[in-house]
Amino acid sequence: GQGSGPGPEPWLLPFLVCPLSRRPLRYEAATNELINEELGIAYPVIDGIPTMVPEAARRTHPKAPAEGSPQ
């Protein structure tokens, strides 16, 4: 292990839904995160506890800057 904590309890996974979209999340063991493919965000799992708050989520698909878009 790379020092990341254990994943969430397996029985817990069906109950883990994204607080934003209310859709099921996919657990990614490699990064120890719960992934929402639809919104392109990932919630960290810390010490086996999913941290499912929008503030903790990171974007998994950074938006490429649009060509010629006004800033």
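What follows is a short tour of the strands, the nonpolar core and a couple of loop residues in this predicted model.

Some housekeeping: residues are numbered from 1 along each chain as its sequence is written, and side-chain values use heavy atoms, with hydrogens and water left out. As the model is predicted, local features need pLDDT of at least 70 and side-chain atom pairs count only at pLDDT 80 or more, while totals for chains, interfaces and linings use all residues.

**Strands and hairpins**

Strands here are DSSP runs (E, at least two residues; helices would be H or I, at least four), numbered from the N terminus. Two of them pair if DSSP finds at least two bridges between them.

| Pair | Sense | Bridges | Residues between the strands | Positive phi in the turn |
|---|---|---|---|---|
| β1 (residues 26-28) and β2 | antiparallel | three | four | Asn 32, about 55 degrees |
| β2 and β3 (residues 41-46) | antiparallel | four | four | Gly 40, about 70 degrees |

Each pairing is a hairpin: β1 with β2, and β2 with β3.

Buried means under 20% relative accessible area, exposed over 50%, and partly exposed in between (1.4 Å probe, protein chains only).

**The core**

A nonpolar core is a set of buried Ala, Val, Leu, Ile, Met, Phe, Trp, Tyr and Cys residues joined through side-chain atoms within 4.5 Å. The largest one has seven residues: Leu 16, Cys 18, Leu 25, Leu 34, Ile 41, Tyr 43 and Val 45. β3 supplies the largest share of this core, three residues.

Take Leu 25 and skip its neighbours within four places in sequence: its contacts (heavy atoms within 4.5 Å) include Leu 16, Cys 18, Leu 34, Tyr 43 and Met 52.

**Two loop residues**

Asn 32 lies in the loop between β1 and β2, and it counts as buried because its relative accessibility is 4%. Its side chain makes a polar contact with the side chain of Tyr 27 at 2.5 Å. Such a contact is a pair of N or O atoms within 3.5 Å; within protein, one must be able to donate a hydrogen and the other to accept it, and residues adjacent in sequence count only if both atoms are side-chain atoms.

Asp 47 lies in the loop between β3 and β4 (49-50), and at 61% relative accessibility it counts as exposed. Asp 47 and Gly 7 are 40 residues apart in sequence, yet 7.5 Å apart in space, C-alpha to C-alpha.
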